[in-house]
Amino acid sequence: MQILCFSDLYQIEKVPTIDCDLVVLLGNVSKKVIREIEIIYQEQPIVGLLSNTCAPDTYAGTQVIDIHEKVVEIDGIRFSGYGGVPSHGDSRKGYYTEKQC
């Protein structure tokens, strides 16, 4: 399986077209870029995790499968994730302690 990962794509002029079987979004991808990815990769499943700075509704109304605290199976391979970042005393949204994870 060929997996194409995107992260931190707020200021990109053009989303690259690369042959792949699955697209993974790893946070900090704007709604505009998500729409472009959906057009280019409409035949591939798209899974994603939100970062600590993403709005909770970033994937709402898109075809992105949010895998935060979920297990999703695609072509016999299981994908799971926990969005956000490790907390070192920070209690803001998107920061999680090891115990919470």
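Buried means under 20% relative accessible area, exposed means over 50%, and partly exposed lies in between (1.4 Å probe, protein chains only). The model is predicted: local features need pLDDT of at least 70, side-chain atom pairs count only at pLDDT 80 or more, and totals for chains, interfaces and linings use all residues. Residues are numbered from 1 along each chain as its sequence is written, and side-chain values use heavy atoms, without hydrogens and water.

Select isoleucine 3. It sits in strand 1 (strands are DSSP runs of E, at least two residues; helices are runs of H or I, at least four; both are numbered from the N terminus). Isoleucine 3 is partly exposed, at 41% relative accessible area.

Next, select phenylalanine 6 and tyrosine 41. Both are buried. They form the one aromatic pair in the structure. The pair is tilted, with 6.4 Å centre to centre and 55° between the planes (ring centres of Phe, Tyr and Trp, its six-membered ring, within 6.5 Å; stacked under 30 degrees, edge-to-face over 60, tilted for the rest). Phenylalanine 6 is in strand 1 (3-6) and tyrosine 41 in the loop between helix 1 (31-40) and strand 3 (46-48), so the pair ties together parts 35 residues apart in sequence.

Now show the largest nonpolar core, with 17 residues (buried Ala, Val, Leu, Ile, Met, Phe, Trp, Tyr and Cys joined through side-chain atoms within 4.5 Å). Phe6, Val23, Leu25, Ile37 and Tyr41 have the most contacts inside it. Helix 1 gives the largest share, three residues.

Finish on leucine 25. Beyond neighbours within four places in sequence, its contacts (heavy atoms within 4.5 Å) include Phe6, Ile34, Ile37 and Tyr59.
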